[in-house]
Structures are given as structure tokens and as C-alpha cells.
Amino acid sequence: MAQPTPLMPHATASWLVDNTALSFEQIAEFCGLHILEVQAMADDLASSKYTGRDPIYSGELTHDEIERGQQDPSYRLRMQRAPVDVSRTKGPRYTPVSKRQDKPDGIAWIIRNHPEISDAQIGKLIGTTRNTINAIRDRSHWNISNIQPKDPVTLGLCSQRELDSAVAKAAKRAGPAETEEEDEIRPVEQRDEREKLIEELRAEREAAAKAAVEAAQEAEAEAWLVAKRAAEANEAKG
């Protein structure tokens, strides 16, 4: 069974690179990283700069364990004390700062496409307040002229599973009698159009997710190539 990785693997790797004589392979294996990531940290080519985290202070390593690794490059560092999992169990959903400006667009999309979802559900799903929801609903929001309804899944505000669960709960709360009555009133053509719209939205989400994965892979490959070329150039100069 593989041993756990440090609580902050990149920051720990950065500290080990700067403060020990361990090999890149040893550091990469202990931190659960690719050796090229550690190499980039050592060459100061990493796209992100990490503040080192001392694994000795956290109890994940000891001076003796590091010394064994420095004396034997083939030695595999052993985790001395596994990090404690940190989880949020209370409070509103946390949304990264970069995505908070997208919340109104996601709220507007839900209000338009799933009016059956309650304000409480929207608040939990998006991580917002009733005041904001009501302001968007009655168009009194301070930035209403710039709000464009956008799928919250595509925006990264919630997962498809969470959205589907909220829709299912709202439909269950409405009750089968009400649903059957609405189906009788709603023309067959309108139901078909709604199903078609749902399929189109699902296809858009899948396409957006695929494009994001491909873009991330291309960026990773390009960063690796740049780092490799830089390393080769430095070797040539030396």
C-alpha cells in the first residue's frame, strides 16, 4: 500500500530542494510529484513559486530520516506521521476569488432554466445569499445590465451531479400530481423542445470540459518543453 503524501506536496518539495541534498527522485517519490516538477523547482523554472514547508516541523519527516536519504540515493523516505485530512463541514460553499464574479450569471441561469429550484437550494448550490438571488430575480441587482445567464456547471460553480440532484429534489418536492397536471397542460411539442434544449446544454458542457482538459494537457506539455530546452541551453553554455 502506497504511503500518504505530505499535506502540501509542492511546498514540501520546494523546502527539500532548498534545504537538503536529497535526489530529485527521492523528493518526487516522497511528495507524490513527477520528477520534472522537482527539476523545474530546482532550476527555478516552475510556473508557480512555492513557499517552502518544513516537513520536520510538521512531523512528516525527521532529521535522521533525511540523513539516511542523503547518504543513500536509493533509499526511499518514509512518512513519519501522516498528515491529518482537513475538511469543511460547516459554513457556505467556498468559491475561489477568480470565480466569484461568475456567480450572478450562474444564478440567473438557474432562475431561468429551473424555476422549480428554491432559493435555499440555489444558495447552497452556488454559495450565495437570498438577497443576491432576489435582486437578480426582480432585476434590482446593481450589475443587472451585465449579467448573462450561463450554465453554473460550465462556469465551475458546481458539479453536474450537484445540479442534477437539486433539480431532482425540487421535482420531488413539487409532487407527482402537480407534475402530471403540468404535463397535460404543456403541449407535446414544448416538451420535445425542452428535452432538445437539455441535450444541447449537456453537449455544450461535455464539449467545454473536453476543451478544458485538452488545453491543460497542451499547457503542461509546452511548459515541460520550455523547461527542457532551457536546461539543455544551460548545459550547452556550461
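The model is predicted. Helix α8 is largely enclosed by the rest of the structure, because seven of its nine residues are buried. Four salt bridges are present, and the disulfide count is zero.

**Helix α7 against helix α8**

- Helix α7 spans residues 103–113, and helix α8 spans residues 119–127.
- The two pack at an angle of about 145°. Their axes are 11 Å apart.
- The crossing of α7 and α8 is right-handed.
- From α7, the contact uses Lys103, Ile107, Ile110 and Ile111. From α8, it uses Ile122, Leu125, Ile126 and Gly127.
- By class, the residues of this contact are six nonpolar, one polar and one charged.

**Surroundings of helix α8**

- Asp119, Gln121, Ile122, Gly123, Leu125, Ile126 and Gly127 are the buried residues of α8.
- These buried residues pack against α7 and α9 (130–137). They also pack against α10 (152–155) and α11 (160–174).

**Loop residue Asp102**

- Asp102 sits in the loop between α6 (97–100) and α7.
- Is Asp102 buried or exposed? Its relative accessibility is 18%, so Asp102 counts as buried; the cut-off is under 20%.
- Apart from neighbours within four places in sequence, Asp102 is in contact with Leu155 and Leu157.

**Cysteines**

- Cys31 is buried, with a relative accessible area of 1%.
- Cys158 is also buried, at 7% relative accessibility.
- A disulfide is a covalent bond between the sulfur atoms of two cysteines. The model has zero disulfides.

**Salt bridge Arg76–Glu29**

- Side chains of opposite charge can pair when their charged atoms come close.
- Arg76 forms a salt bridge with Glu29, and their closest N and O atoms are 2.6 Å apart.
- Arg76 lies in the loop between α5 (63–71) and α6, while Glu29 lies in helix α2 (residues 24–31), so the pair ties together parts that are 47 residues apart in sequence.
- Arg76 is exposed, with a relative accessible area of 56%. Glu29 is partly exposed, at 42% relative accessibility.

**Salt bridge Glu65–Arg68**

- Glu65 pairs with Arg68 in another salt bridge, with the closest N and O atoms 2.8 Å apart.
- Both residues are in helix α5. They are three residues apart, so about one helical turn separates them.
- An α-helix has 3.6 residues a turn, so residues three or four places apart point the same way.
- Glu65 is buried, with a relative accessible area of 2%. Arg68 is partly exposed, at 43% relative accessibility.

**Salt bridge Arg137–Asp119**

- The side chains of Arg137 and Asp119 form a salt bridge at 2.3 Å, N to O.
- This pair links distant parts of the chain, since Arg137 is in helix α9 and Asp119 is in helix α8, 18 residues apart.
- Arg137 is partly exposed, with a relative accessible area of 39%.
- Asp119 is buried, with a relative accessible area of 17%.

Technical notes
Residues numbered from 1 in each chain as written. Predicted model: local features only at pLDDT ≥ 70, side-chain atom pairs only at ≥ 80, totals over all residues. Heavy atoms only, no water. Axes fitted to C-alpha atoms, helices over the stretch in contact; angles between N-to-C directions. Helix = DSSP H or I, 4+ residues; strand = E, 2+ residues; numbered from the N terminus. Left-handed = near helix turned anticlockwise from the far one by under 90°. Contact = heavy atoms within 4.5 Å. Nonpolar A, V, L, I, M, F, W, Y, C, P; charged D, E, K, R; others polar. Buried < 20%, exposed > 50% of the residue type's maximum accessible area, 1.4 Å probe, protein only. Disulfide = S-S within 2.5 Å.
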